[in-house]
Amino acid sequence: MRTQTATRRQVHAEEPLAKPHRKRKNKDARIWLRQNGYNDVADMIDVVMQRWEAEGKSTRRNWWDTLSGGVDGRPYTIDGQEFPLVVSGSSPQESER
């Protein structure tokens, strides 16, 4: 019995502890916005993020959620800046769902 356990341990020791993750494509909303003609919206995001950085904030935001709008399709206002709704059938997040 002891050898069997030792053999099992050796077999398990050779197996990787975690499955390797596939490297995801860059999903940065600003890159997608610029590639799809929404340079003005990407610039708005940059301004807000630069303001946060200058203030020493480590705020993070899911810009895809912001650009999809709020209740009843209303645009979100982030840090005093109203962000328009970006409607497109080819955003990277939609293709993964």
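Colleague: Leaving aside its neighbours within four places in sequence, which residues is Phe83 in contact with?

Modeller: In this predicted model, Phe83 is in contact with Met44, Ile45, Val48, Trp63, Thr66, Leu67, Pro75, Tyr76 and Ile78, once neighbours within four places in sequence are set aside.

Colleague: Is Thr66 buried or exposed?

Modeller: The cut-off for calling a residue buried is under 20% relative accessible area. Thr66 has a relative accessible area of 2%, and is therefore buried.

Colleague: How should I read the nonpolar core, and which residues touch the most other members of the largest one?

Modeller: The general idea is that in soluble globular proteins nonpolar side chains tend to be buried together. Here the largest nonpolar core holds 15 residues, and those touching the most other members are Leu33, Trp63, Leu67 and Phe83. The elements that contribute two or more residues to this core are α2 (29-35), α3 (39-54) and α4 (63-68), and α3 gives the most, with 6 residues.

Colleague: Turning to the aromatic rings, how many aromatic pairs does the structure hold, and what does the geometry of a pair tell me?

Modeller: The structure holds 4 aromatic pairs. For each one, read the distance between ring centres together with the angle between planes, where over 60 degrees counts as edge-to-face and under 30 as stacked. Trp32 and Trp64 form an edge-to-face pair, with 5.6 Å centre to centre and 70° between the planes. This pair links distant parts of the chain, since Trp32 is in helix α2 and Trp64 in helix α4, 32 residues apart. Trp32 counts as buried because its relative accessibility is 8%, and Trp64 counts as buried because its relative accessibility is 13%.

Colleague: What kind of pair do the rings of Trp52 and Trp63 form?

Modeller: The ring centres of Trp52 and Trp63 are 5.9 Å apart and their planes lie at 20°, so this pair is stacked. It too links distant parts of the chain, with Trp52 in helix α3 and Trp63 in helix α4, 11 residues apart. Trp52 is buried, with a relative accessible area of 6%, and Trp63 is buried, with a relative accessible area of 8%.

Colleague: Which residues do ring pairs link into a cluster?

Modeller: Ring pairs link Trp32, Tyr38 and Trp64 into a cluster, and the edge-to-face pair of Trp32 and Trp64 has already been described.

Colleague: Now for the backbone: where does Asp72 lie, and what is its phi?

Modeller: Asp72 lies in the loop between α4 and β1 (77-78), and although Asp72 is not a glycine, its phi is positive, at about 60°. Asp72 is exposed, because its relative accessible area is 67%. Asp79 also has a positive phi, near 55°, in a residue other than glycine, and its place is in the loop between β1 and β2 (81-82). Asp79 has a relative accessibility of 34%, so it counts as partly exposed.

Colleague: Finally, where in the chain is the confidence lowest, and where is it highest?

Modeller: Confidence is lowest in helix α5 (residues 92-96), at a mean of 52, and highest in α3, at 95. The chain averages a pLDDT of 78, and 63% of the residues score at least 70.

Terms used
Residues numbered from 1 in each chain as written. Predicted model: local features only at pLDDT ≥ 70, side-chain atom pairs only at ≥ 80, totals over all residues. Heavy atoms only, no water. Core = buried A, V, L, I, M, F, W, Y, C linked by side-chain atoms within 4.5 Å. Buried < 20%, exposed > 50% of the residue type's maximum accessible area, 1.4 Å probe, protein only. Helix = DSSP H or I, 4+ residues; strand = E, 2+ residues; numbered from the N terminus. Contact = heavy atoms within 4.5 Å. Phe/Tyr/Trp six-rings, centres within 6.5 Å; stacked < 30°, edge-to-face > 60°. pLDDT = per-residue confidence, 0-100.
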